[in-house]
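This briefing is for a reader new to the structure.

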Amino acid sequence: MTKRKKPLILITNDDGFRAKGINELIQGLRGLGELVVLAPDGPRSGMASAITSLVPINYKLIRQEEDLRVYSCTGTPVDCVKLAINVLLDRLPDLLVSGINHGGNMAICVHYSGTMGATAEGCVFGVPSIGVSLLDHREDADFSECCRLGRVVAEKVLAEGLPRGTYLNLNLPTDVPVKGIKVCHQAEGRWVNEFKEGENGVGEKVYWLTGNFRNDDKLADNDVEWLDKGYASLVPCKIDVTDYGYLEHLGSWDLG
């Protein structure tokens with residue numbers, strides 16, 4: 001009888017391979033299969049789905065243990081996923097987990113996040129993919145609940161898979177006992193007061209990215225609402241961004 005291979009789990013992030021979040025995630029997923037980590041060699045937050053096209057990238061082995069290999073990459077989070085699947089791995093992963101991100105990726109943040117860009121890229125390759133984030137930017141944040149609930153979701157996805165073109169966005173609140181996971185939709189809203197003005201050493205104006213998120217969602221069961229109430233939020237996301245509800249009307253336009 002042929003021995004069944006262990007599940008192959010690809011792990012990446014946008015905070016870099018040294019970040020506490022990804023190292024806690026590695027420990028939280030130990031025992032679920034063979035773990036291969038390919039993560040940026042430094043912080044790449046806000047990279048979304050950016051790729052490196054004008055300069056070469058490379059990767060190197062950082063450490064190796066039983067059922068675990070950790071590599072660093074000079075590219076973006078999406079570069080890491082592409083390089084792992086095209087070059088490093090000898091088969092398609094059974095699961096991709098991106099995170100644990102230092103900071104939330106709820107609502108509109110899903111479009112800016114390097115963590116979620118990597119998650120979406122795994123989905124493009126047909127790999128069931130999960131992004132995990134904690135609403136805490138501190139380097140020494142407590143990721144224990146993220147690891148626990150991230151493993152719960154990972155086990156479920158390994159057992160049942162995900163629809164092609166769908167990936168998951170898991171966010172956890174901080175400084176409160178997590179009350180559970182709520183499956184919900186992405187909040188509608190945007191960031192306001194996004195820049196703080198300052199000046200550089202020669203007196204020129206400079207602008208620091210900052211701001212506050214404004215939740216404009218009028219519907220219940222959105223991710224920001226549940227996170228504010230102390231629950232983890234789990235949002236299914238789609239690669240296909242076509243507005244099917246508007247497609248028929250747009251087709252009726254006289255466009256020549």
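Valine 55 is exposed, at a relative accessible area of 54% (exposed means over 50%, buried under 20%, partly exposed in between, with a 1.4 Å probe and protein chains only). The model is a predicted one, in which local features need pLDDT of at least 70, side-chain atom pairs count only at pLDDT 80 or more, and totals for chains, interfaces and linings use all residues. Residues are numbered from 1 along each chain as its sequence is written, and side-chain values use heavy atoms, with hydrogens and water left out.

**Valine 55**
- Valine 55 sits in the loop between β2 (34–40) and β3 (59–65); helices (H or I, at least four residues) and strands (E, at least two) are DSSP runs, numbered from the N terminus.
- Its C-alpha atom is separated by 9.5 Å from that of glycine 75, 20 residues apart along the chain.

**Helices α2 and α3**
- The axes of α2 (residues 77–88) and α3 (residues 114–124) come within 8 Å and cross at roughly 25°; axes are lines fitted to C-alpha atoms, for helices over the stretch in contact, and angles run from 0 to 180 degrees between N-to-C directions.
- α2 and α3 are therefore roughly parallel to each other (a term for angles under 35 degrees).
- On the α2 side, the contact is made by Pro77, Val78, Val81 and Lys82, and on the α3 side by Gly114, Gly117, Ala118, Glu121 and Gly122 (contact means heavy atoms within 4.5 Å).
- Nine of the twelve residues of α2 are buried, among them Cys80, Leu83 and Ile85.
- The buried residues of α2 pack against β1 (8–12), β2, β3, β4 (68–73), β5 (95–102) and α3.

**Strand β5**
- Histidine 102 belongs to strand β5 and is buried, with a relative accessible area of 11%.
- A polar atom of the histidine 102 side chain lies 3.0 Å from the backbone nitrogen of glycine 21.
- Leaving aside neighbours within four places in sequence, histidine 102 is in contact with residues including Asp15, Leu134, Arg138 and Phe143.

**Positive phi values**
- Asparagine 193, which is not a glycine, has a positive phi of about 50°.
- Asparagine 193 lies in the loop between β9 (189–192) and β10 (195–199) and counts as exposed at 60% relative accessibility.
- Aspartate 221 has a positive phi near 65°.
- The loop between β12 (212–215) and α5 (223–228) holds aspartate 221, which is partly exposed, with a relative accessible area of 38%.

Technical notes. Parallel < 35°, antiparallel > 145°, perpendicular 65-115°, else oblique. Polar contact = N/O pair within 3.5 Å; in protein donor to acceptor, adjacent residues only side chain to side chain.
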